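Subject: Structure handover

Hi,

Here is the structure for you to look through. My notes follow below it.

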Amino acid sequence: MEKEEELQESSTPCLHLVSAFLACEPPDFVVSFARDFGGGSITERVQSFIWNVCINKSDVKCSLPYLKRFLKKLIVEIESNGDVVLDELYEKYIYCLASVKDDELAKGSTRMLRRFSFLFPKDCSQASSCQIFRKLEVMLQCSLNMLEGDTGCSIWPSGLFLSEFILSFPEVFSDKSCLEVGSGVGLVGVCLAQTNCSKLQCLYLPWESAAENELREFMPDIVLGADVIYDPLCLPHLVRVLAILLKREDHNLHHLSNGCKDYYPPDRRCFESEETSSAGDLDLSPRLGQEPVAYIASVIRTIDTFNYFLSLAEKEKLLVSDITETMKPLDLLPYVKSYQRSNVRMFKISYLHK
Ligand SMILES: C[S@@+](CC[C@H](N)C(=O)[O-])C[C@H]1O[C@@H](n2cnc3c(N)ncnc32)[C@H](O)[C@@H]1O
């Protein structure tokens, strides 16, 4: 017989279980949170909790294909442990079996509502963001299929990372106008809307056909992008768009962040050294807020593609700095185990006026 106090509904495993389920995380991960919550096994009380709080929760209706996969994993796990499965779970699984065709699951093209809960620690080093936010929940309609025309309908790891970055450093965006390129389902935009940014634009902007005069009308202070460096065919267009947005004729400042790894054009490597700074021909002090910058989060899947991006950026006089280590965002999505945050790099890009 289980005791009431064995199940800590305010505990971290419980929070992670509910958050992972509502974010439609892979069932294996959700089941492992359920096991942790039950102290090693998925007890009847844990099953009741899953039934009442996850599956039967009135404000979020999980997609049936996802529920079918999840219940299958859950039931197999409980049975293989020799435990009793609640009737409600069996009945719901039978209902899913009858309602969802297998080819729908195989294609993975079904759109589903995913709810991402950004969990802010009570005490954290980035005090400002933890004071501003306690918990943020974002509901998005997306696809679990990342290919076959659904690329922009999925949530990509860099989008999660950039969202954590924005919520960790809201002051960076305060009073700034922001424009995101390749926004996908719009998670980054929703997070930006939580900051004190002055203007946030969401529009259809194909990089190939975006005209220079059209782009110049935006003049954002900050350009953002997540997982947009992947297609060599699109990169020249993306870099052209970035260069137009970041180049402001009335600026002759040089923007350089201290302590970060910078990708310089080979003939400009001296920019890195103190020697250049003392030579006095450059102002190396960062002047935040005066010059537009871009924050681009990216997973480097193919080094050749990334190097191609760097070479295009160099030709457009863009300085690409890796700030992943110097501006580390908080881990606000600890339950999203499908997202390998260590694979994502954050680049700050600015225009070199010299
Ligand atoms: C890999 S997805 C990333 C989506 C989103 N930023 C995220 O991280 O979840 C790439 C995004 O770039 C957009 N994109 C790709 N090529 C583009 C182009 N040539 N012009 C405009 N947008 C493009 C896609 O539509 C998609 O939204």
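A polar atom of the S19 side chain lies 2.7 Å from the backbone oxygen of L15. This is in a predicted model. S19 sits in helix α1, which covers residues 12–22. Is S19 buried or exposed? Its relative accessibility is 2%, and the cut-off for buried is under 20%, so S19 counts as buried. Beyond its neighbours within four places in sequence, S19 is in contact with R115, S117, L119 and Y335.

Next, the nonpolar cores. The largest has 75 residues. Within this core, the residues that touch the most other members are F21, F70, F118, L162, F173 and Y295. Helix α4 (residues 64–80) is the biggest contributor, giving 7 residues. Domain 1 (4–107) and domain 2 (155–351) both supply residues, so this core lies between them. Take F70: leaving out residues up to four places away in sequence, F70 touches F21, P27, V30, V31 and I50. There is also a second, separate core of 31 residues. Its members include I229, A294, V320 and I349. As background, nonpolar side chains in soluble globular proteins tend to be buried together.

Last, the aromatic rings. The count comes to 9 aromatic pairs. One of them is F165 with F173, an edge-to-face pair. Their centres are 6.5 Å apart, with 80 degrees between the planes. F165 and F173 are both buried. Ring pairs also link F165, F169, F173 and Y295 into a cluster.

Best wishes

How values were computed. Residues numbered from 1 in each chain as written. Predicted model: local features only at pLDDT ≥ 70, side-chain atom pairs only at ≥ 80, totals over all residues. Heavy atoms only, no water. Helix = DSSP H or I, 4+ residues; strand = E, 2+ residues; numbered from the N terminus. Buried < 20%, exposed > 50% of the residue type's maximum accessible area, 1.4 Å probe, protein only. Polar contact = N/O pair within 3.5 Å; in protein donor to acceptor, adjacent residues only side chain to side chain. Contact = heavy atoms within 4.5 Å. Core = buried A, V, L, I, M, F, W, Y, C linked by side-chain atoms within 4.5 Å. Domains from an automatic or database assignment. Phe/Tyr/Trp six-rings, centres within 6.5 Å; stacked < 30°, edge-to-face > 60°.
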